[in-house]
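Subject: Structure handover

Hello,

My notes on it come after.

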Amino acid sequence: WLKERNGKLKWEPKLGGGVGVMGFGAFTAVNPNGWQLDLEGGAQARVLPNVESDLEAVDFRIGVLVTNRFGLWASKTGYYHLSAHIGDEFLIKNSGFTRLNYVRDALVFGVSRDILWKGSPDFRLYAESAYAVNHEFGKPWEFQTGVEYSPLIFNGLRGSPFWAVNGSFREDRSWDAAGINITAGWQWRSPATNQRFRVGVQYYSGDSL
């Protein structure tokens, strides 16, 4: 559920994920080391609950990445394709809407480093850049950076808190309109896989995601 500054309520369902296809190294649940080929994909929709639940728009993203981790450092290099689509119901009810063919085929590189806190890698700093080799709208460069607190705690049903802050900057917004994303909540880690289940709240200020 998203409430915008103009008071309008929207739904933003998202479905997607990433999967490792092949790799080599020491793939332990905690602190894995090695290389991996990953596939990612997802859909981000926007629905208008007060207008017959019409689909306003949906973005699709697919990508191929090579990721690696050694010690406290990790990185990713790869490619993603993103395309944005306006919903049919929205176009029918807004015949004067000017549609933009927003497409990006981008090369991406990111790096992150875990920060030890009392001997545990509970904090993570990261930065990422991408350059669109093909784009039918906008400009090529985009950057993001942030910090995450996600304690390495396995304590069953009690869980533990988490929070994160992310800033994104895009050339097609002349670099002066940063998107600031803040999220916080509670998480539970699996001692077998180190995967997390999270519940939280989010605040975002910036252009439409």
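The model is predicted, so please read every value as computed from it.

Ten strands make up an open sheet, in the order S3-S4-S5-S6-S7-S8-S9-S10-S11-S12, and the pairing is antiparallel. The edges are strand S3 (14–26) and strand S12 (196–205); each has a single partner strand, so one side of each has no neighbour in the sheet. From one strand to the next, the twist averages 15°. At the S12 end, strand S11 (residues 179–189) runs antiparallel to S12 and is joined to S12 by 10 bridges. Within this pairing, Gly-185 stands opposite Gly-200 in S12.

Arg-69 belongs to strand S5 (residues 54–70). Its relative accessible area is 18%, and because the cut-off for buried is under 20%, Arg-69 counts as buried. A polar atom of the Arg-69 side chain lies 3.4 Å from the backbone oxygen of Gly-71. Apart from neighbours within four places in sequence, Arg-69 is in contact with Asn-31, Pro-32, Asn-33, Gly-34, Ala-74 and Asp-114.

Tyr-126 is part of strand S8 (residues 120–135). The side chains of Tyr-126 and Asn-166 are joined by a polar contact of 2.7 Å. Thr-145 is 19 residues from Tyr-126 along the chain, and their C-alpha atoms are 5.6 Å apart. With neighbours within four places in sequence left aside, Tyr-126 is in contact with Val-111, Ser-112, Thr-145, Gly-146, Val-147, Val-165 and Asn-166.

Regards

Terms used
Residues numbered from 1 in each chain as written. Predicted model: local features only at pLDDT ≥ 70, side-chain atom pairs only at ≥ 80, totals over all residues. Heavy atoms only, no water. Helix = DSSP H or I, 4+ residues; strand = E, 2+ residues; numbered from the N terminus. Buried < 20%, exposed > 50% of the residue type's maximum accessible area, 1.4 Å probe, protein only. Polar contact = N/O pair within 3.5 Å; in protein donor to acceptor, adjacent residues only side chain to side chain. Contact = heavy atoms within 4.5 Å. Pairing = 2+ DSSP bridges. Axes fitted to C-alpha atoms, helices over the stretch in contact; angles between N-to-C directions.
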